Amino acid sequence: MTIRKCPVCGKTFEAHMRQKYCTPQCAEKASIDLRQKRCEKEKKKRAQAREEKERMKKTTSLAQDAMDARENDMTYGKYMAKKYKVTITRR
C-alpha cells in the first residue's frame, strides 16, 4: 500500500493497487468533471466543423468565374482568355 493524495479533495489516503481517489464520491466527481471537459471539447470541434462547412459553402472566385463562363456559353478557359485578353498594337 502506498500513501497518495486525492486529486479531487486533497486528502491523503492509503491506496490499494492503482486507486486514484480516496472515496467513491471523489471518483464520481472526477468522472463528471472529465465528461464535462470532453463535452466542451466536442462542442468546440463541432463548431469548427460547422464554420469550415459555412466557409466552403461560399462561392470562391474560381467557382464564380466558372459560373460566369457557363452563363456566357463558354468554357472556363475561353472565358478567362477573354477576361485577361491583352491587345497588342503594332506601330
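This is a predicted model: local features need pLDDT of at least 70, side-chain atom pairs count only at pLDDT 80 or more; totals for chains, interfaces and linings use all residues.
Aspartate 65 touches Tyr76, Tyr79, Met80 and Lys83, leaving aside residues up to four places away in sequence. Aspartate 65 sits in helix H2, which covers residues 61–71. Is aspartate 65 buried or exposed? Its relative accessibility is 12%. The cut-off for buried is under 20%, so aspartate 65 counts as buried.

Now take H2 as a whole. Its buried residues are Asp65, Asp68 and Ala69. Viewed down the axis of H2, these buried residues fall within an arc of 100°, so they line one face of the helix. An α-helix has 3.6 residues a turn, so residues three or four places apart point the same way. What lies over the buried residues of H2? Helix H3, residues 76–83, is part of the cover. The contacts of aspartate 65 include Tyr76, Tyr79, Met80 and Lys83. On the other side of H2, Arg70 and Glu71 are exposed.

After H2 comes aspartate 73. Its place is in the loop between H2 and H3. Phi of aspartate 73 is positive, near 55°, and the residue is not a glycine. Most residues other than glycine have a negative phi. Aspartate 73 has a relative accessibility of 71%. Exposed means over 50%, so aspartate 73 counts as exposed.

Step back to the whole chain. The protein holds three helices and two strands. Along the sequence they follow the pattern β-β-α-α-α. How does the radius of gyration compare with the globule rule? The radius of gyration is 32 Å, well over the 12 Å that the rule gives for 91 residues, so the protein is more spread out than a compact globule. The C-alpha trace spans about 95 × 30 × 20 Å along its principal axes.

Other totals describe the protein as a whole. Of its 91 residues, 13% count as buried. Take the contacts between residues at least 6 apart in sequence: 0% of them join residues at least 24 apart. The accessible surface comes to about 8,800 Å², and 54% of that belongs to carbon and sulfur atoms.

Go next to the strands. Strand S1 covers residues 2–5, and strand S2 covers residues 12–15. The two run antiparallel and are joined by four bridges. One of the pairings involves threonine 2, whose bridge partner in S2 is alanine 15. S1 and S2 form a hairpin with six residues between them. In the turn, glycine 10 has a positive phi of about 90°.

Alanine 15 also belongs to the largest nonpolar core. Which residues make up that core? There are five: Cys6, Phe13, Ala15, Cys22 and Cys26. Cysteine 22 touches Cys6, Cys9 and Phe13, again leaving aside residues up to four places away in sequence.

The loop between S2 and H1 has its own features. Methionine 17 lies in this loop. Its phi is near 60°, a positive value in a residue other than glycine. Methionine 17 has a relative accessible area of 75% and is exposed. Threonine 23 also has its place in the loop between S2 and H1. At 29% relative accessibility, threonine 23 counts as partly exposed.

Helix H1 covers residues 24–57, and alanine 27 lies in it. Alanine 27 has a relative accessible area of 30%, so this residue is partly exposed.

Finally, consider distances along the chain. How far apart in space are alanine 27 and aspartate 65? They are 38 residues apart in sequence and 59 Å apart in space, C-alpha to C-alpha. Threonine 23 and lysine 85 are 62 residues apart in sequence. In space, their C-alpha atoms are 78 Å apart.

Technical notes: Residues are numbered from 1 along each chain as its sequence is written. Side-chain values use heavy atoms; hydrogens and water are left out. Buried means under 20% relative accessible area, exposed over 50%, partly exposed in between (1.4 Å probe, protein chains only). Contact means heavy atoms within 4.5 Å. Two strands pair if DSSP finds at least two bridges between them. A nonpolar core is a set of buried Ala, Val, Leu, Ile, Met, Phe, Trp, Tyr and Cys residues joined through side-chain atoms within 4.5 Å. The arc is that of the directions from the helix axis to the C-beta atoms. The radius of gyration is taken over C-alpha atoms; the globule rule is 2.2 Å times the number of residues to the power 0.38. Accessible areas come from the Shrake-Rupley method with a 1.4 Å probe; for residues, only the protein chains shown count as cover.
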